[in-house]
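Let's take a friendly walk through a protein model, one piece at a time. Have the sequence and the 3D view ready, and turn the view as you read.

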Amino acid sequence: MVAVRPSVPEDIPAQRELWQLAFGDSDAYLDNFYRTYYRPERVVVLEEDGAVRAMTAWFDTSFVVPGRGTYRAAYLYAVATHPGCRGRGLAGRLLAGADDFFRTLDIPAVTTVPAEPSLHRFFGRNGFRECFTLGQEELDPAKLDVPARENPLRPAEPEAYGTVREQILAQLPHIAYPEDALAYQAGCCALGEGGLFVGETQAGPVCLCAEGDGQGLLLCKELLGGPAVRQVLPHLPGMFPGRRLVVRTPAAPGQKEGTLEFAMLKWLAPALEDRWNWEDTGYLGLAFD
């Protein structure tokens, strides 16, 4: 017998085992999730004959569309099927059951960040469509300009980071994150010797979420601030010496080169899907990848 349901605390050992089998993350990484964000209802599991065979965590976010409204959106994360149970359609049944659960919560939208092209195709077969893009660039620290001004960035708590982030993104369709989701991200950053930072420049506010991979790469998961970003880039080598740099920013209007199809959207409310123009794109940015 197969059932899809919200998790219960007794499922945690099975969730952790499944998570590590699927993604290889460390105990410390999982501890951060269960410490900062986990609640039983924030993980949906597929149970077969009394055993957890698939799972997805989800973040309770908002899809902010200027001029149209703000919609509660479930961001799927850590979608996993036990390796011994793959190829049997369990992941699709999990997603369908999760949709039913979200409908009971009056959540009209679901988002996800597929990790590779094959997963974009998988989620596409399960009702998702491309929606969220970003610009990504690898920078050579040796080729960045010498800083002309004092570094405006300072470490920030999740609440302060979220406030500045929303200020910068106010005119752009985007996903907004609650404080506890940002606290989870802050924990991920700390494990990777990065952090959350905010600052003020002559060109306006900036914010940076930076996370290292432990192998010499620093991923700036988002660097926001429009024109102010160029004032911040020269400071990154000094903040994170000896690191290669990959920087993600919102894609500029009309930008093609360096733009990634990054995240996908599924409307659970037919009226909203009917009105949505799929030529429009938004910014999700902070993926917990």
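A crossing of two helices is called left-handed if the near helix is turned anticlockwise from the far one by less than a right angle, and right-handed if it is turned clockwise. Keep in mind that the model you are looking at is predicted.

Now find helix H2 (residues 27-36) and helix H6 (residues 179-191), whose axes come within 9 Å of each other and cross at roughly 160 degrees. Angles over 145 degrees count as roughly antiparallel, and H2 and H6 are therefore roughly antiparallel to each other. As for its handedness, the crossing of H2 with H6 is right-handed. On the H2 side, the contact is made by Ala28, Tyr29, Asn32, Phe33 and Thr36. H6 contributes Asp180, Ala183, Tyr184, Gly187, Cys188 and Leu191. Sorted by class, this contact has 7 nonpolar, 3 polar and 1 charged residues.

Strand S9 (residues 195-201) runs antiparallel to S10, and 7 bridges join the two. Together they form a hairpin, with 2 residues between them.

Is S10 mostly covered or mostly open? Mostly covered: 9 of its 9 residues are buried.

Conventions
Residues numbered from 1 in each chain as written. Predicted model: local features only at pLDDT ≥ 70, side-chain atom pairs only at ≥ 80, totals over all residues. Heavy atoms only, no water. Buried < 20%, exposed > 50% of the residue type's maximum accessible area, 1.4 Å probe, protein only. Helix = DSSP H or I, 4+ residues; strand = E, 2+ residues; numbered from the N terminus. Pairing = 2+ DSSP bridges. Axes fitted to C-alpha atoms, helices over the stretch in contact; angles between N-to-C directions. Parallel < 35°, antiparallel > 145°, perpendicular 65-115°, else oblique. Contact = heavy atoms within 4.5 Å. Nonpolar A, V, L, I, M, F, W, Y, C, P; charged D, E, K, R; others polar.
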